[in-house]
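Welcome! Please take a look at the structure below, and then we can walk through a few of its features together.

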Amino acid sequence: DSYDEQHVNPIYVIFFCDFDYYGDGAMAYEFEMRSVRNPARSAEIGLHLVVFNAKAQDFHDKIKLAGFLRLMHNERTPGDALAERIYEKMEQVKHDPERWQSFMKYELDLMDARNEGLEQGREQGIEQGRDEQQAKDIILMVKILKNNQISDEQIERDLMSNYGLSRQEAQKYMK
């Protein structure tokens, strides 16, 4: 629904993390929008952020999520109805060939995307290294030519000609 229709209801953004994002050991971290200058004043938009920490050691579990959070680390909690239903559903999905194939395709697509990103990063790193080396070479060449009493105008022309630099770039290297 559009925000205009939903703004009267509170909005919850919930993250289930298998790590302690804030590092305080709490089972859940809850946030709502408040004024920086006057924390007693709420933005009154009903937006709440809740971050659950599956690594928490001490679960004060009034909403009964401890079993689910432990399940994120493959730990079952006997007698926890929610966690058991989720576990059973996970087992059904694992044994459903169509869903399993879809999951595996998704995993392969993620691996391909990761590998493509690594390759792009590698290429960018190589290009950046090449650019940095070229800059060092140009600076060294300018120093050598100046030490050999070559005029600034000649050095500038050589830089523009040999490296395809603009006049402004060549002058920058000469400084």
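Two strands pair if DSSP finds at least two bridges between them, and strands (E, at least two residues) and helices (H or I, at least four residues) are DSSP runs numbered from the N terminus. This is a predicted model, in which local features need pLDDT of at least 70, side-chain atom pairs count only at pLDDT 80 or more, and totals for chains, interfaces and linings use all residues. Residues are numbered from 1 along each chain as its sequence is written, and side-chain values use heavy atoms, leaving out hydrogens and water.

Let us begin with the sheet. Three strands make up an open sheet with mixed pairing, in the order β1-β3-β2. At its edges are β1 (11-17) and β2 (28-32), each pairing on one side only. The parallel strands β1 and β3 (residues 47-53) are joined by seven bridges. In β3, Asn53 is the bridge partner of Cys17.

Two residues are worth a visit, one in strand β3 and one in helix α4 (residues 97-147). Buried means under 20% relative accessible area, exposed over 50%, and partly exposed in between (1.4 Å probe, protein chains only).

| Residue | Relative accessible area | Class |
|---|---|---|
| His48 | 18% | buried |
| Met104 | 33% | partly exposed |

Which residues does His48 touch, not counting those up to four places away in sequence? With contact meaning heavy atoms within 4.5 Å, His48 touches Pro10, Ile11, Tyr12, Val13, Phe31 and Glu32.
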